[in-house]
Amino acid sequence: MDSRKDYRAPLSQQPLTIEKPTDLTAIGGTITVEINEKKVVVPLGTTILDACKMAGISIPTLCHHEDLCIAGVCRICVVEVEGMRTLQASCAFPITAPIKIKTSTPMVRKARRHIIDLMLSEHYGECYSCVRNGNCELQNLAKEYGVDGYTFGHVDKPRYEIDRSSYAVIRDMSKCILCKRCVRTCIDLQEVGVLESIGRGDMTHISTFLEKPLSDVICINCGQCINRCPTAALRANDPSDEIWRAIDDPKKHVVIQTAPSPRAAICEEFGMEAGTSLTQELNTALKRIGFDKVFDTNFTADLTIIEEGTELIIRLYKALVGKDASVSLPQFTSCSPGWVKYLEHYYPEYLDNLSSAKSPQQMFGSLIKTFYAQKNGVNPEDIVSVALMPCSAKKFECNRPEMADSGYKDVDYGLTTREMAKMIKEAGINLPEMPKSHFDDPFGEASGAGLIFGATGGVMEAAIRTIVEFITGAKAEDIFANANVVDVRGFDGIKYMEIPLGDKFGPVPGLIAHLVPNWDWLKGATLKVAVAHGTANAKKVMDDIKAGGKFSECHFIEFMACPGGCLGGGGQPIPTTPEIRMKRAQAIYAEDESLELRKSHENPHITKIYEEFLTEGPCSHLSHKLLHTHYVKRGKYII
Amino acid sequence: MIMEKTKREGSVIFSEYKRGEGIKAALGKKREDILLELRESKIKGRGGAGFPTATKWMVVAASTAEIKYVICNADEGEPGTFKDRVLLVDYPELVFDGMVIAGYTIGASRGIVYLRGEYEYVRKPLEDYLESMRKDNLLGNNILGKDGFDFDITIRMGSGAYICGEETALIESLEGNRGEARNKPPYPVNTGFFGRPTVVNNVETLAAVSHILVKGGDWFRQHGTDKSTGSKLFSISGDCEKPGVYELPWGTKLSEILFLVGAKNTKAIQVGGASGICLNKTQFDRTLAYEDAATGGSIMIFNESRNMIHILKNFMEFFVEESCGQCTPCRIGNVKLLEGVKMIQSGEYTFDYIEKLIDLGRTMQVASKCGLGQSSPNPFISILENFKDEIFNGNGGYNG
């Protein structure tokens, strides 16, 4: 029963992961247990919690989370197992014998009530002044168990100072109930390992290395901890008050760009089933709130494909034809600011592999305060540029000092899906009921390729659609059914794909034709690409590259910091589960299929911007000035 | 060897034993027979929980895993116990031989002593002792000429956390992690040190095993009671003339102990350390045994000059600090119990609320993740129950 396969430090927060058996024959069959005197057949090794779910019995949980390994620390899920003196945590108890379980005895109910009472006694704050009011697991439990007073008292002062040092994540440990989901998220799910339990007994709290503020440790701002926090102990740094101020200021020209993932998820904040896209309803709502212009980040996603794709071709040419040893391959995507910071901290020696192209958010930021400002005669000084993102790391990204190539702060505020929903509600708007409207010019609608940036594999798929058409002259539809590159889709942690480019060539379009003297070197070549999402998977790929393994032979690798890609980002609605992320992905892919325009290079607005503004073409001087950037070797130590 | 060896009296643990004797006896037997011998002896774990040693070993012996471990729990953190130190200092041969026997029986080749952080000064002499065992081929490869039986012992230091005496927290600590109890099941016998089947035994259990191998399970069973076989080392401290480590058969009455150690005007006896139960005069005819007043060895005697609520406060402060802090009932529950004790001291309490706290203590006993939280309410519940006249009637005074 050796279930601890992976011995990486620190393991303390990973007590004995019990893998859920899926293949019954592989694990030796099933077992019959009695739950509340009803017989249930379950696979051997199933936890009591899962067995109860199968039997339709609900058990309250707090520290348990579908994405995370088992902790068994909150004890709210305890049940009685016949013959055992103590109650058992159902989330952590694997069934290996025909036991008899009771889930609602007086002892169980009393224990659960006591545990809630104890948590409430140390949980500082009142629900009505809390950002998670109405979406708090502790509050729900208190309601479910009819708590009508503080049996064991209630703290009247905060025990810990709020850590507001990070651009992305605010830590309010006085609200922490020590479920350790954040710790397990950070160490196990993301393998970043910024958060850990510190202190013993009643001094136990979650903190960072040497109890430093979050801004001074190697946090990558992915915000996955926020998504899994049952209370408001972790929350995003909310700029909505400043945005309201800008909107209310008649001198300010407030524009917003919206990323693809929030549209596929914001419905959840309005009580709708996950997986309903509200793209055009959102456009109307944003206008009614008072944004002067609403732009589609997918436009710069398309632009990213052109710039990043061009960069890749240049790199490949230099390395393969020019035998230039200084060129770093594989090229890594740079759209995910969590991933970028992860690489800066953990693998700074690979920064040259990172595409110099900015993320779509930052590209848009510099275009708005240059191209758009010129075109519309707006003083860039008066523009307040907001980005609606599924992401908490975008808040950090827009505050990076180098992100001011327009001469101003390129993007003023990064706003999460949750915060946007709050603003919409505050404005008295019921989003699902909004009429539909389009994005504003001069950027207009973008392609489906930009849209699927929201899902893991999306950047790669978009790039493949464009690159194969650029090089082979064939239509992506002729190579991939319906232009869907399914091999890079889905939630497998790491995906790998080889694309033979064949012998039929060109003509290579004028946009990039001038980049290399001739294109014959690509004849018969095979493009090797990979996709990894979640930094734990990124780590596997990076370690393989370091060791000279299969991924070191790749040409292009997409990395996303968050599990599932942006749709599972740290700014997305809470809760998050594999099922919810799946539905968001379905919404994104369905919207892509419904569009006429599904390739970045076919986007007429892209063609136009290269005609009107970036006239020297992709990866040219101006594009480098505005659309590309550089990175910081951070390492694991921060001064 | 370490200090001048005090001559100690006892019928089992302190009976005659020559270094290597037990190992020799074990190597002459089949592994199954050793397990049967242990089962015959009916020996149960000496650390406090009282799990049958033979059963524990059998599970690990039956495992087909290639790598297995023997861990000697020498964390001895329970307030009021010091008998393991005596064994390690004066009778290391018993403990180490027991580990070698365990290694042979279950098929392990590595033993680890998890030594209490405060016993740092014992480490060097023990290392020297292990070295001398290696010289005599009582450790190392092909021990005593037994082909293929390799076994060695290393000593690792704890760092002073009480929780690390809990076997799974101990293993976490050994692995280099924060000392926190794991979920059970799976137990260490299945998934222990670095995921391998592991036997974790108390120092005294291993010492007893060495004797059993030489003298037999029958002999061992002749001591003690039916359900609690053998004898036990008790660490006796507090208000008495002759505190110290005593070997007495299980089944000894508390009143006999009081006589033996010269305790006078005894008001209370805390059996089993801070996490044990506190008994009053009317309960002194109870016997020390797994089936009656169980203990890992700690006996604390308090005479009439002591204030029970002070004693309780001391215990609860200990648990508030020493809870590992991972599970809710233990981390916050102990704080609430301590608050209750302070309320009683100040006189600002209601019986209704104290009842609620006792009820909470009962929840902690069944809902906490490990033995720490499951036993920390014991002194709270037993002292308030057994000394309610003193505590709630003001006879003993709770304002000083």
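**Domain interfaces in chains A and B**

Chain A is divided into domain 1 (116-236) and domain 2 (300-360 + 446-525 + 534-627), with bounds that come from an automatic or database domain assignment. The model is predicted, so that local features need pLDDT of at least 70 and side-chain atom pairs count only at pLDDT 80 or more, while totals for chains, interfaces and linings use all residues. Residues are numbered from 1 along each chain as its sequence is written, chains are lettered from A and ligands numbered from 1 in the order in which they are written, and side-chain values use heavy atoms, with hydrogens and water left out.

The centres of domain 1 of chain A and domain 2 of chain A, taken over C-alpha atoms, lie 37 Å apart. In the contact between them (heavy atoms within 4.5 Å), 18 residues of domain 1 of chain A meet 20 residues of domain 2 of chain A. The size of an interface is often given as the accessible area lost when the parts come together. Here the buried area (the accessible area, with a 1.4 Å probe, that two parts lose on being put together, summed over both) is about 1500 Å², and carbon and sulfur atoms give 50% of it. On the side of domain 1 of chain A, Glu191(A), Ile220(A) and Asn227(A) lose the most area, together 38% of what that side buries.

Glu191(A) also takes part in a salt bridge with Lys539(A), the closest N and O atoms being 3.8 Å apart; the term requires a side-chain nitrogen of Lys or Arg within 4 Å of a carboxyl oxygen of Asp or Glu. The rule finds one salt bridge across this interface of domain 1 and domain 2 of chain A. Between these two domains of chain A there are also nine residue pairs in polar contact (both at pLDDT 80 or more). A polar contact is a pair of N or O atoms within 3.5 Å; within protein, one must be able to donate a hydrogen and the other to accept it, and residues adjacent in sequence count only if both atoms are side-chain atoms.

Within chain A, Thr231(A) sits in the loop between α5 and β9 (234-236); helices (H or I, at least four residues) and strands (E, at least two) are DSSP runs, numbered from the N terminus. Thr231(A) counts as buried because its relative accessibility is 1%, the limit for buried being under 20% relative accessible area (1.4 Å probe, protein chains only). Its side chain reaches the backbone oxygen of Lys175(A) at 3.1 Å. Leaving aside residues up to four places away in sequence, Thr231(A) touches His123(A), Arg132(A), Cys136(A), Leu138(A), Lys175(A) and Ile177(A).

Chain B is divided into domain 1 (21-221), domain 2 (233-303) and domain 3 (308-393). Between domain 2 and domain 3 of chain B, the C-alpha centres are separated by 22 Å, and each of domain 2 and domain 3 of chain B brings 13 residues to the contact. About 1000 Å² is buried between domain 2 and domain 3 of chain B, 66% of it from carbon and sulfur atoms. Ala274(B), Ser275(B) and Cys278(B) supply 44% of the area that domain 2 of chain B buries against domain 3 of chain B, more than any other three residues.

The rule finds one salt bridge across the interface of domain 2 and domain 3 of chain B. Lys267(B) and Glu390(B) form a salt bridge, with their closest N and O atoms 2.9 Å apart. Six residue pairs are in polar contact across the interface of domain 2 and domain 3 of chain B (both at pLDDT 80 or more).

Conventions: Buried means under 20% relative accessible area, exposed over 50%, partly exposed in between (1.4 Å probe, protein chains only).
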